[in-house]
Amino acid sequence: MSVLGSNRQKEAIISASLLSADLCSLEREIKSALAAGCDWIHFDVMDGHFTKNISYGIPVLEACKKAVPEAFYDVHLMVDKPDCFAKLFSDAGADMITFHYEAMTNVYSTVNLIKSLGKKAGISVKPDTPASVLYPYFDSADMFLLMTVEPGFGGQAFDKRSPEKIKGLKSEITARGSKALIEVDGGINASTAPIVTDAGADVLVSGSYIFGAEDMKAAVDSLRVRR
Ligand code: DX5
Ligand code: ZN
């Protein structure tokens with residue numbers, strides 16, 4: 001099968017952001033998201049320094065992992081000094097740990113630390129940070145998370161500059177033979193999913209659209225675009 005052919009068969013991975021779930025019923029919400037066809041559970045951690053908001057952290061992840069151990073926990077650290085917390089999140093049950101390029105950390109050593117814990121490592125950039133800052137990490141990171149909203153809150157509008165940024169990063173990843181995935185996060189719904197998937201996104205994070213839907217399965221199906 002040609003490369004184009006195999007690409008056409010490929011479906012995006014859907015990662016459900018718990019930020020918009022019913023936080024009093026996380027076990028039920030995680031199980032519902034998996035039953036509706038979500039592949040990963042996206043766990044947004046905000047510290048009130050890196051972001052203007054505070055969410056949840058290590059004990060909550062530990063409780064989720066204990067309640068639903070079969071889920072893949074895609075942890076998004078929107079915190080300063082993520083290297084100080086990587087082991088705690090790893091021990092709590094994270095499968096993938098993504099931190100921000102803009103956080104106060106040594107990017108190489110934080111990627112290596114996460115990988116030494118046996119977890120997948122991702123690096124994220126905010127909408128105003130150029131994707132080119134990620135190029136030195138093509139061989140070391142497992143995933144690049146392009147924020148399509150400003151980190152801090154669910155339910156924001158998709159940044160319309162994002163498709164060009166995704167396309168640029170995808171073409172560099174392909175040209176350099178990197179295996180890193182591109183994840184997009186913020187404002188993903190049935191209208192924006194085909195745009196980011198066409199641009200080259202491999203993983204789509206969606207929160208308010210999935211957890212706010214009357215029919216969660218129909219919502220997840222509407223995000224899953226073949227390319
Ligand atoms: C924003 C978070 C996102 C957010 C996505 O800081 O990283 O994961 O919850 O939410 P929606 O899909 O509602 O934009
Ligand atoms: Zn996120």
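Mentor: Begin with the elements: helices (H or I, at least four residues) and strands (E, at least two) are DSSP runs, numbered from the N terminus. Just after helix α2, for example, G37 has a positive phi of about 110°. This is a predicted model, in which local features need pLDDT of at least 70 and side-chain atom pairs count only at pLDDT 80 or more, while totals for chains, interfaces and linings use all residues. Residues are numbered from 1 along each chain as its sequence is written, chains are lettered from A and ligands numbered from 1 in the order in which they are written, and side-chain values use heavy atoms, leaving out hydrogens and water.

Trainee: Which residue other than glycine has a positive phi?

Mentor: K81, with phi near 50°. K81 sits in the loop between β3 (73-78) and α4. Its relative accessibility is 44%, so K81 counts as partly exposed; buried means under 20% relative accessible area, exposed over 50%, and partly exposed in between (1.4 Å probe, protein chains only).

Trainee: Which residues of α2 are buried?

Mentor: L26, E29, I30 and A33. Viewed down the axis of α2, these buried residues fall within an arc of 100°, so they line one face of the helix; the arc is that of the directions from the helix axis to the C-beta atoms. What covers them includes β1, β2, α3 (58-67), β3, α8 and α9 (216-223), judged by contact, meaning heavy atoms within 4.5 Å.

Trainee: And which residues are buried in α5?

Mentor: In α5 (residues 107-116), V107, T110, V111 and I114 are buried. They too fall within an arc of 100° seen down the axis of α5, so they line one face of that helix. Against them pack α4 (86-92), β4 (96-100) and β5 (120-125).

Trainee: Is F144 buried or exposed?

Mentor: F144, in strand β6 (residues 143-147), is buried, with a relative accessible area of 0%. Leaving aside neighbours within four places in sequence, F144 has contacts that include I123, L134, Y137, F138 and L169.

Trainee: Where is L19 found?

Mentor: L19 is in the loop between β1 (13-17) and α2 (26-35). At 25% relative accessibility, L19 counts as partly exposed. Beyond its neighbours within four places in sequence, L19 is in contact with D44, M46, S55, Y56, F153 and G154.

Trainee: How many disulfides does the structure hold?

Mentor: A disulfide is a pair of cysteine sulfur atoms within 2.5 Å, and the structure holds zero. C24 is in none, as the nearest cysteine sulfur, that of C64, is 12 Å away. The sulfur of C38 is 14 Å from the closest cysteine sulfur, in C64, too far for a bond. C24 is exposed at 78% relative accessibility, whereas C38 is buried at 6%.

Trainee: What lines the second largest pocket?

Mentor: On a 1 Å grid over the protein atoms alone, a pocket is an open set of points where a 1.4 Å probe fits, with protein on both sides within 12 Å along at least five of seven lines; lining residues have an atom within 4 Å of a point. The second largest pocket is lined by 25 residues, of which G154, G155, D185, G186 and G187 lie nearest its centre. At least two lining residues come from each of β2 (40-46), β8 (203-206) and α8 (208-211).
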